[in-house]
Amino acid sequence: MIPNNVPPVSGKELQYIAQVVNGGTLSDGGGHFSQLCQAWLEQRLGCPKVLLTPSGTAALELAALALEIEPGDEVIVPSYTYMSTANAFLLRGASLVYVDVEPETMNMDANKVREAISPKTRAVVPVHYAGVPCNMEAIRDAIGNRKDIYVIEDAAQGLFSSYKDGRALGSIGHIGCISFHATKNVTAGGAGGAIIINDPALIERTETIRDKGTNRPQFLRGETDHYVWQRVGVSHLLSEMQAAYLWAQLEVADQIQAHRLKLWEFYRQNLAGLQDKGIGIPSECSEGQHNAHIFFIKVRDAKERREFTLAMKEQGIAVLAHYGPLHRTPPGLQGRHVLHPEDFASRESERLVRLPLYYAMTLDMAKYVVDQVQQFFV
């Protein structure tokens, strides 16, 4: 069986975890490997501060807390995304505005963002789906001169992707959030995430909230001789053991990326002919450089997707659907909807199927997948 995903393994994960265990320091937040990971990410992303979190979900929740989102605020999110994007702000009492997506990329449609903005808007949350950059310039233009609207990039899938001006995804908005879940290009042992703070005015507040509302981060840096509770906070720190696992992956991140990009491009070149049969494949990345996080195809409708999924399973290949439109769910029905007449989020989500793509996958495995996909659509 060719699974849809296998978490990457660099080879040094157990070695680094053993160092943590033998060193007797399992605490979170300020350990050796946490510091290595955070420094690496700050340098790679070109941002002033990165803080590791237990998950990408926790990073989004921390962003909502740091920006003091509250009841009465409106937050604009794409309808096609994981529910964590919405939950982070619903937990703060915000009202959500679900906007439609571009059918080619499944990213937030900037024109719909412009329609969605109201006097109550506090934040816009673009999601870089499949590691493909959103049109951040158009989103900024839609916001215009409104200084009271924050941009929070949900770059959960976007690490190693960059915008057309070279900036890393997650480093463009006021705050960025990334994920190290087992399905991502690199993982912190199955979960993990990070919050990217691009606005220096938000650094100290976010550090304090993340560490139970205390000034413990300053204490760990030797800036104070003890720490105290300063404000309401949460415990959103990654364990040192998970940071050790993550560091083993970051050390070989370029190697992981090169292989994923090779597989992605192999799919694209060899499945391009499906477009003549009405089957969609990812378009060229016009807004920057993607990270080969997902390769999807779009079949004709939901019925064909069920048939295709079963046929691939019979051939030993796991292909998967992805998100459904949030605006059609019970929580999503309570929000405001700004959609195209065609409702692209609903229509396109019924067609999308993800093909296997992971670091341990060989080119021979990819060739087998291509052969079976082509045979199905003959």
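A salt bridge joins E287 and K164, whose closest N and O atoms are 3.3 Å apart; the term stands for a side-chain nitrogen of Lys or Arg within 4 Å of a carboxyl oxygen of Asp or Glu. The model is a predicted one, in which local features need pLDDT of at least 70 and side-chain atom pairs count only at pLDDT 80 or more, while totals for chains, interfaces and linings use all residues. Residues are numbered from 1 along each chain as its sequence is written, and side-chain values use heavy atoms, with hydrogens and water left out.

The protein is assigned a domain 1 (12-247) and a domain 2 (253-377), with bounds that come from an automatic or database domain assignment. Between the C-alpha centres of domain 1 and domain 2 the distance is 25 Å. The contact (heavy atoms within 4.5 Å) draws 43 residues from domain 1 and 38 residues from domain 2.

About 3,400 Å² is buried between domain 1 and domain 2, with 55% of it on carbon and sulfur atoms; buried area is the accessible area (1.4 Å probe) that two parts lose on being put together, summed over both. On the domain 1 side, Y98, D100 and N185 lose the most area to domain 2, together making up 21% of what that side buries.

Across this interface, the rule finds three salt bridges. Domain 1 and domain 2 also share 25 residue pairs in polar contact, both residues at pLDDT 80 or more. A polar contact is a pair of N or O atoms within 3.5 Å; within protein, one must be able to donate a hydrogen and the other to accept it, and residues adjacent in sequence count only if both atoms are side-chain atoms. Among the elements that give two or more residues to the domain 1 side are α2 (32-45), β2 (74-78) and β3 (95-99). Of the elements, β3 gives the most to that side, with four residues.

The C-alpha trace spans about 70 × 55 × 35 Å along its principal axes.

The structure holds 21 salt bridges. In one of them, R231 meets E68 at 3.2 Å, N to O. This pair links distant parts of the chain, 163 residues apart: R231 lies in the loop between α8 (216-220) and α9 (240-250), and E68 in the loop between α3 (56-66) and β2.
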